[in-house]
Amino acid sequence: MAFAAVVLSQTFAEFLPTLTTLAAIVEPILLLSMVSLYLLFPLLNQRPYWQGIIGILLVVAFISAAFCLLVNRYFIFDTILSMPRAVLLALIAAGLVLYYFHLMQRAYSPAIAEARLQALQARIRPHFLFNSINAVLSLIRSQPKRAETALEDLSDLFRVLMADNRELVPLSQEIALCKQYLNIEKLRLDERLALDWQIDEATLDALIPPLILQPLLENAVYHGIEPLADGGRIIIDISSKHQDLLIDISNPYAPEKDHHSGNKMALKNIKERLQLHFDLEASLVTHHQGGRYHVFIRLPQHTQP
Amino acid sequence: MTEAATTLRILIADDEPPARSRLRDLLAELPDTHIVAEAKNGKEAIELAALHQPQLILLDIRMPVMDGLEAAAHMQKLQPAPLVIFTTAYDAHAIQAFDLNAIDYLLKPIRAERLQTALHKAQALLPKQLDALKPLQKKRTHLSIHERGKVILLAIEDIIYLRAELKYLTVRTASREYLLEESLTHLETEFAGQFLRLHRNCLVAPQYIVGYEKNSGEGENQWVALLKDIPETIAVSRRQQHLIKSS
């Protein structure tokens, strides 16, 4: 923030004609602003960003106003300075500089977005992990082959969950992972879990952020299937339309039996990750209709170059 | 099959077949245990418990139809009330409540040694412990009626109205009336949105109201609600008459 004042002088120097008198007016304001902002830096730095901005603007306005008053009072220059004009100019210059810094920061720190992506990586429910291990344990004696497959699926799933998931992956890869996940769920829920895959072949190469589908299916199982004694059907419908990839996942909707807090977290997480990858080009909406709960995702359909 | 007097009669309640089979395997290796029945949800657990009178129930928490916490509360009306050990894969809130109130629980995957210890020190849930679990419970799915040594479960959606009498509540379903020892105000809060308070002493399920009628008699005009499936009507108090206009 102290930097703001340094650049302030350069912009002003270019902005104003070369008149030395004017320079003599501007320079003291700049120097004073610089020194006071430098002194105030520790204080401003502790504040939230917007408070810091307001602080800087206030300091600049105050110094330019005070300087005008002083100059006009003692007739240091033969022209009378208009105070509102001087304050306004100083504020505009400071504002421009601050905006410039803001842009610079945004352009040059994808690290921030990266860090956010990493923090947003999907997390699986502990509930699922322990129930799955319990299910595998029950199979070891009676059906060792099935237990083997289940452990292989489980380890594949966790390998992806723990991997660095910032790069886009082909949809086919995510679907394969989802199928492994659902195999494990099927072990626990047996015939209570019915699945219906409706996937347009043309979408299989499309690139999507990893672990976008799996958490949605986990939600569908947890909120849609598990609360029902007789279970139900999850429908996964993936198609493309006008260069967009459309994903529609639906499950039976159980209004009273539902507790949605966990669900919202996962949805918010996926929404944010979509936004970080595709900005406004992607969307996620949910609604219930005809006794089913739907999650719709729309994202631009990119394929590997 | 003969059972020694020392054999512990156990009921297993879990919605997942592999979880039940795992408990079966473990119990098979423990001496003096006998599984009397297996239930797939809380409601079944209560019905089977009434039928088989197990001494102990291994009760999963998260189950469809009725969860383990609610089932445990209803089961306290069984005579004698069975001992309860909760089983759960992961439920941070429940575990915290259990620890705080010395309620027995087993974490899945369950270990044989841990199960054996739990069976030895299993004890009946105390009313105080049940109270501690209340905040964890979602709305109950059923009300339990204690009648002639039996426990009857009434699904909330089958209840047409609840009326406060002198000491009891009358619970009316399409088939008959039941007596319940609970407070109307408490039920009104618990099932907020599912019942209308048509009268100071009466909660009615809106889906059973077919219409309203003006009953002239006793000098004053009185609105009453007509109900589906049953001949009785429910008086609408003056204060609640705005409900008629809005319907």
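**Entry 1: chain B overall**

I began with burial in chain B, where 37% of the 247 residues are buried; a residue is buried if 20 or more other C-beta atoms lie within 10 Å of its own, exposed if 12 or fewer, and partly exposed in between, with C-beta atoms placed from the backbone. I note that this is a predicted model, in which local features need pLDDT of at least 70 and side-chain atom pairs count only at pLDDT 80 or more, while totals for chains, interfaces and linings use all residues. Residues are numbered from 1 along each chain as its sequence is written, and chains are lettered from A and ligands numbered from 1 in the order in which they are written.

I recorded eight helices and 15 strands for chain B; helices (H or I, at least four residues) and strands (E, at least two) are DSSP runs, numbered from the N terminus. Along the principal axes, the C-alpha atoms of chain B fill a box of roughly 75 × 40 × 30 Å. I then looked up contacts, which are pairs of residues whose C-beta atoms, placed from the backbone, lie within 7 Å. Of the contacts in chain B between residues at least 6 apart in sequence, 56% join residues at least 24 apart.

**Entry 2: confidence**

I checked pLDDT, the predictor's confidence in each residue, from 0 to 100. Chain B has a mean pLDDT of 87, with 95% of its residues at 70 or more. For the model I noted ipTM 0.77 and pTM 0.71.

**Entry 3: helices α2 and α3 of chain B**

I examined helix α2 (residues 42-52) and helix α3 (residues 68-75) of chain B, whose axes come within 8 Å and cross at roughly 25°. Axes are lines fitted to C-alpha atoms, for helices over the stretch in contact, and angles run from 0 to 180 degrees between N-to-C directions. α2(B) and α3(B) are therefore roughly parallel to each other; angles under 35 degrees count as roughly parallel, over 145 as roughly antiparallel, 65 to 115 as roughly perpendicular and the rest as oblique. In this contact, α2(B) contributes B:G42, B:A45, B:I46 and B:A49, and α3(B) contributes B:G68, B:E70, B:A71, B:H74 and B:M75.

I found α3(B) largely enclosed by the rest of the structure, because seven of its eight residues are buried. Those buried residues are B:G68, B:L69, B:E70, B:A71, B:A72, B:H74 and B:M75.

**Entry 4: nonpolar cores**

I turned to nonpolar cores, sets of buried Ala, Val, Leu, Ile, Met, Phe, Trp, Tyr and Cys residues joined through C-beta atoms within 7 Å. The largest has 79 residues, of which A:L217, B:L11, B:A13, B:A45, B:I57, B:L59 and B:V84 touch the most other members. Helix α8 (residues 171-189) of chain A supplies the largest share of this core, eight residues. Another core, of 23 residues, lies apart from it and includes B:Y161, B:V171, B:L198 and B:Y208.

**Entry 5: chain A**

I counted ten helices and seven strands in chain A, and 30% of its 305 residues are buried. Helix α7 (residues 144-162) of chain A packs with α8(A) at about 135°, the axes being 9 Å apart. α7(A) and α8(A) are therefore oblique to each other. Among the residues making the contact, I listed A:L154 and A:L157 of α7(A) and A:Y181 and A:I184 of α8(A).

Methods
Contact = placed C-beta atoms within 7 Å.
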